[in-house]
Amino acid sequence: MKSTLAYLFLVTIMVYFKSEEKLLGDHKAGYVQIGMQADELYGYYEHNSLELFDQFLEATFSPAFNIKNEHGMVELVAELNCNTIWRIKVVSPDYKTKEGIHIGSTLGELKEYFSFEEVLRGEGNIVVYSKEKDLSFLLDVYQMEELGVDLNGRIELADIPNEVRVAAILVL
């Protein structure tokens, strides 16, 4: 009986930590946290899961780590300012907010949980930003174009159909 209870307790703890591993919010994505030092990533990920590269954003040196899953697919991009992580780009639908929002969620679903004051543009993306959560949601510009949104003019939130999907999430 004691061994069964101990086993159930252990499984419960493992499930809790596994769910925390892919949680977004509070300035973090899973184990990666804004403000953490780059070398701390090696305490959470295997060496071959981390790939240091230059994003070359806005024509400047922009170092970052691709963080890959066990299949070699990039899940997160930890962007660096010197040796400190300042932004995390989530590109895997496995990472979710506590509300269940993830890559592939729709703008309509986002509006159920977050408020957005404006539509932003940057680095070729159309973005809605949740100030309360410090999360930016990059919308699928190809889908927007297919749905007839004029990407060249000023875009208001009301101009974007609710079925437009999230292409990536930025944790700030």
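Analyst: A contact here means heavy atoms within 4.5 Å. The model is a predicted one.

User: Is Gln 143 buried or exposed?

Analyst: A residue is buried when its relative accessible area is under 20%. The relative accessible area of Gln 143 is 17%, so the residue is buried.

User: How many helices and strands does the protein chain contain, and what share of its residues is buried?

Analyst: The secondary structure of the protein chain consists of three helices and 12 strands. The chain has 172 residues, and the buried share of them is 37%.

User: Among contacts between residues at least 6 apart in sequence, what share joins residues at least 24 apart?

Analyst: The contacts considered are those in the protein chain between residues at least 6 apart in sequence. Of these, the share joining residues at least 24 apart is 47%.

User: Which strands are the edge strands of the open sheet of eight strands?

Analyst: The order of this sheet is S4-S5-S6-S7-S12-S11-S10-S9, and its pairing is antiparallel. An edge strand here pairs on one side only. The edge strands are S4 (50-54) and S9 (119-122).

User: What does the twist average from one strand to the next in that sheet?

Analyst: The sheet in question is the open one with the order S4-S5-S6-S7-S12-S11-S10-S9. From one strand to the next, its twist averages 30 degrees.

User: Which residue in S12 is the bridge partner of Lys 89?

Analyst: S7 and S12 run antiparallel, with three bridges joining them. In S12, the bridge partner of Lys 89 is Leu 170.

User: Which residue in S12 does Leu 138 stand opposite?

Analyst: Strand S11 (residues 135-139) and strand S12 (residues 166-171) run antiparallel, and five bridges join them. The residue in S12 opposite Leu 138 is Ala 168.

User: Why is one side of S3 and of S8 left without a neighbour in their sheet?

Analyst: These strands belong to an open sheet of four strands in the order S3-S2-S1-S8, with mixed pairing. S3 (32-33) and S8 (96-97) stand at the edges, so one side of each has no neighbour in the sheet: each has a single partner strand.

User: How many residues apart in sequence are the parts tied together by Lys 22 and Glu 75?

Analyst: Lys 22 and Glu 75 form a salt bridge, with their closest N and O atoms 2.7 Å apart. Lys 22 lies in the loop between helix H1 (2-20) and S1, whereas Glu 75 lies in strand S6. The pair therefore ties together parts whose separation in sequence is 53 residues.

User: Which residues are linked with Arg 87 in a network of salt bridges?

Analyst: Arg 87 forms a salt bridge with Glu 123, the closest N and O atoms being 3.4 Å apart. Arg 87 is in strand S7, and Glu 123 is in the loop between S9 and strand S10 (125-130). Arg 87 is buried at a relative accessible area of 10%, whereas Glu 123 is partly exposed at 41%. The residues linked with Arg 87 in the network are Glu 79 and Glu 123.

User: Which residue meets Lys 133 in a salt bridge?

Analyst: Lys 133 lies in the loop between S10 and S11, and its partner lies in the loop between S8 and helix H2 (107-113). Lys 133 is partly exposed, at 29% relative accessibility. The side chains meet at 3.7 Å, N to O, and the partner is Glu 99.

Conventions
Residues numbered from 1 in each chain as written. Predicted model: local features only at pLDDT ≥ 70, side-chain atom pairs only at ≥ 80, totals over all residues. Heavy atoms only, no water. Buried < 20%, exposed > 50% of the residue type's maximum accessible area, 1.4 Å probe, protein only. Pairing = 2+ DSSP bridges. Helix = DSSP H or I, 4+ residues; strand = E, 2+ residues; numbered from the N terminus. Axes fitted to C-alpha atoms, helices over the stretch in contact; angles between N-to-C directions. Salt bridge = Lys/Arg side-chain N within 4 Å of Asp/Glu carboxyl O.
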